[in-house]
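The stops below go one selection at a time.

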Amino acid sequence: MRLLIKDITVIPMTGPEEIIKNGAIAVEDGRIVYVGPAEEAPSDFRPNRVLRGSNFVALPGLVNAHTHAAMTLFRGYADDLPLKRWLEEAIWPLEAKLKGEDVYWGTLLACAEMLLGGTTTFADMYFFMDEVAEAVDKSGIRASLARGLIGILPGADKALKESEEFVRRWHGKANGRITCMLGPHAPYTCPPAYLEEVVRLAEELQVGIHIHVSETAHEVEEIRRQYGCSPVEMLEKAGVFRVPVLAAHGVHLSPRDMEILAQYKAAVVHNPESNMKLASGIAPVTELLAAGVTVALGTDGAASNNNLDMWEEMRAAALLAKVSRNDPEALPAYQALEMATLGGAKALGLADQIGTLEVGKRADIVLVDLARAHLQPPHDPISHLVYAARASDVDTVIVDGRIVVEGGRLITLDLGEIMARSCSAARRLVGKPLHRSLL
Ligand SMILES: CSC[C@H]1O[C@@H](n2cnc3c(O)ncnc32)[C@H](O)[C@@H]1O
Ligand SMILES: [Zn+2]
């Protein structure tokens, strides 16, 4: 497949000043083979498909670096609670009833929502990961998958063994679109001895660790009470930072925690909307970036957000940084967009493959239609993408060189079937009829 995208504005995310007006991108066998001015595109490139439109802005696919995809099934089920009560009283009892089939349909619903909104890669931590991987494979999206591990539950060792088998089965599959990590849930559900076992396995499998860290003040107090140190220090003592770490949240971090994260090149995933909704707090993004920590962006699950819209997440990140620091210059639009693209790619260990539009990288590309009332006049496309655009402005999405969304419609999936099947899974789980949907 050879694809040429031309007569568009290209935002390659290789630097704040690097915008190509009237640009072109050529894609062959899933890789970018040209990015630059349209008039300099190789004249011997013979595309099978040409996409064009001066109203389109092309940018790297967005990376949702922390979610629990199948939690779309619980969207709107338990709102307005703090994290501990939300998990213990509402979510965990429902998750205990999950079957593989539910997770499959819930994940497909998440993949549909993410692709339609320009997210081409996500990092997931959940249960029934074979079903998650099947859904990823079918949808055409890219994902870093981790089976969630709760070390304090009976069966934690069996879960670790299943994680190992999962990684051996799926790492690098779907033409490399699927990569795997290990997913110990959090310091408060995984004691040090268990974390040490997880690290040993991660080293053996040569994969990273995806974990919730320092999400609430309560977590930090509880870990200090139990272990006499912060959650980040507890992870350091358990050897977790010997492998690449994707640390979700990082809301309550001390200066020493930030030094540790920077020293070990761990990445923090900022989830501003989930953190606001659960009233967990505001992550110190500006300080983390100043300390040299890679910061990515995530939605967290749809039950605590309540959507998987990375445009909202960028805007929330930028606005929260400003208001929390009383500084309108904090987290400018380009930095927010970088967190959602290159930052995510780095956090997932995929920066050699995705995150920017450059020759040699896999072709994960989003075309946003600027010809919308709320995006006029087009003074500055980067400003518009972060402060004014919506998921529904995404026209075309390409993952690994394959068009998966075109004209705002999914090519790879039957959205009607996914909506019907995921709603019936949700109905079974809650054990009562849902409100009538528009189906
Ligand atoms: C063990 S699989 C993942 C596990 O995490 C739960 N979860 C969802 N959102 C959060 C959050 O913000 N903090 C901590 N845990 C969360 C999810 O329900 C699964 O049980
Ligand atoms: Zn989470």
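Is arginine 147 buried or exposed? Select arginine 147 and count the other C-beta atoms within 10 Å: there are 25, so the residue is buried, the threshold being 20 or more. Bear in mind that this is a predicted model.

**Stop 1: arginine 147.** Colour strand E8, where arginine 147 lies. Now show its contacts, skipping neighbours within four places in sequence. They are Phe127, Met129, Ala159, Glu162, Ser163, Phe166 and Gly183. Arginine 147 also carries an annotation: an unreviewed UniProt entry places the feature "binding site" at Glu95, Arg147, His185, Glu215 and Asp300.

Stop 2: Beyond four places in sequence, histidine 185 is in contact with Gly148, Leu149, Ile150, Cys190 and His212.

**Stop 3: ligand 1.** Which residues come nearest to ligand 1? Of the 18 around it, select Ile91, Met125, Gly148, His185 and His212. Two elements give two or more residues to this shell: helix H1 (83–95) and E7. The largest share, four residues, comes from H1. Colour the shell by class and you get eight nonpolar, seven polar and three charged residues.

**Stop 4: helices H2 and H3.** Select residues 100–116 for H2 and 129–139 for H3. Their axes come within 8 Å and cross at roughly 35°. The crossing is right-handed. On the H2 side, the contact uses Gly100, Val103, Tyr104, Thr107, Leu108, Cys111 and Leu115. H3 answers with Glu131, Val132, Glu134, Ala135, Val136 and Ser139. By class, the contact residues are eight nonpolar, three polar and two charged.

Stay on H3. Its buried residues are Met129, Glu131, Val132, Ala133, Ala135, Val136 and Ser139. The cover over them includes H2, strand E7 (119–126), strand E8 (142–149), helix H4 (156–170) and strand E9 (178–184). Step just past H3 to glycine 140, which takes a positive phi of about 95°.

Stop 5: Most residues other than glycine have a negative phi, and most peptide bonds are trans.

- Alanine 174: phi is near 60°, a positive value in a residue other than glycine. Find it in the loop between H4 and E9.
- With 11 other C-beta atoms within 10 Å, alanine 279 is exposed.
- Asparagine 305 to asparagine 306: the peptide bond is cis, with omega about 15°. Asparagine 306 is in the loop between strand E13 (294–297) and helix H11 (310–325).
- Glutamine 376 to proline 377: this bond is also cis, with omega near -10°. Look for proline 377 in the loop between strand E14 (365–369) and helix H13 (381–387).

**Last stop: the annotated domain.** Zoom out and select residues 58–404, which the unreviewed UniProt entry annotates as "domain: Amidohydrolase-related".

Notes
Residues numbered from 1 in each chain as written. Chains lettered and ligands numbered in written order. Predicted model: local features only at pLDDT ≥ 70, side-chain atom pairs only at ≥ 80, totals over all residues. UniProt positions renumbered as here; feature names shortened; annotations may be inferred. Axes fitted to C-alpha atoms, helices over the stretch in contact; angles between N-to-C directions. Left-handed = near helix turned anticlockwise from the far one by under 90°. Contact = placed C-beta atoms within 7 Å. Nonpolar A, V, L, I, M, F, W, Y, C, P; charged D, E, K, R; others polar. Buried ≥ 20, exposed ≤ 12 C-beta atoms within 10 Å, placed from the backbone. Near = placed C-beta within 6 Å.
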